[in-house]
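Biologist: I am new to this structure and would like to learn how to read its charged side chains. Could you take me through them one pair at a time?

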Amino acid sequence: MTLRLPLALLGLLLLAAAPHAQTATVNVGDRAPVFRATQDNGQAWRSRDHVGRRFLVVYFYPAAMTGGCTDQACAFRDNRSQLQQLGAEVVGVSGDRVDGLRRFRRANRLNFPLLSDTRGTIARAFGVPVGEGGSITRHIGDQDVQLTRDVTAARWTFIIDRDGRIVYKDTAVNPSGDGDAVVAALRRLNAR
């Protein structure tokens, strides 16, 4: 007997079964992990330089230049003024390599940094499931470009408050609605 699974379900099963898929559990109220990574411009980015100043939105996404991930990134881009008014900054994290992130940011005119988490260290510190990486080819400008990610993280979003605590966690993210969901959460947090 042959078992046939829809491709999306198979991907989720593989992600859940990946070795070291989850090494931490971070929940609302917990202290946020301290992390550092290389951002899309090649420079170092450290959470300690950002936590405490504003709310920090940390969102994890599977792969640059794919449909849902582009929708999610553009939702944050388009909500930038509201996010700033609510005292928040955004950073996106994926297993993509820096050159791919640079192309992704430029192609979509993203107005926030993207961090390269090629070993899945940051994702695992937040408890985000991590699976195998991969490559895709996209036509960017006038050339075909191969984008490589060394790991694939699940799509989860967190908000860290000025005290360094997790105040929002979404593990069932709607990519195109993530920006609006975070704005709504920040309004609630600011109303406290």
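**Salt bridges and their surroundings**

Modeller: Start with Arg97, which is partly exposed, its relative accessible area being 37%. Keep in mind that the model is predicted.

Biologist: Which residue does the side chain of Arg97 meet in a salt bridge?

Modeller: Side chains of opposite charge can pair when their charged atoms come close. Here the partner of Arg97 is Asp150, at 2.7 Å from N to O. Arg97 sits in the loop between β4 (88–94) and α4, while Asp150 belongs to strand β7 (residues 143–153), so the bridge ties together parts 53 residues apart in sequence. Asp150 is also partly exposed, at 31% relative accessibility.

Biologist: How many salt bridges does the structure hold?

Modeller: It holds 4. One of them joins Asp40 and Arg105, with the closest N and O atoms 3.0 Å apart. Asp40 is in the loop between β1 (36–39) and β2 (44–46), and Arg105 is in helix α4 (residues 98–107), so parts 65 residues apart in sequence are tied together.

Biologist: Is Asp40 buried or exposed?

Modeller: Buried means under 20% relative accessible area. Asp40 has 5%, so it counts as buried, whereas Arg105, at 24%, counts as partly exposed.

Biologist: What about the salt bridge between Asp78 and Arg77?

Modeller: Their side chains meet at 2.8 Å, N to O. Asp78 is exposed at 54%, and Arg77 is buried at 18%.

Biologist: What is the average pLDDT of the protein?

Modeller: The average is 88, and 88% of the residues score at least 70. Over residues 1–22, however, the pLDDT is below 50.

Key: Residues are numbered from 1 along each chain as its sequence is written. This is a predicted model: local features need pLDDT of at least 70, side-chain atom pairs count only at pLDDT 80 or more; totals for chains, interfaces and linings use all residues. Side-chain values use heavy atoms; hydrogens and water are left out. pLDDT is the predictor's confidence in each residue, from 0 to 100. Contact means heavy atoms within 4.5 Å. Helices (H or I, at least four residues) and strands (E, at least two) are DSSP runs, numbered from the N terminus. Buried means under 20% relative accessible area, exposed over 50%, partly exposed in between (1.4 Å probe, protein chains only).
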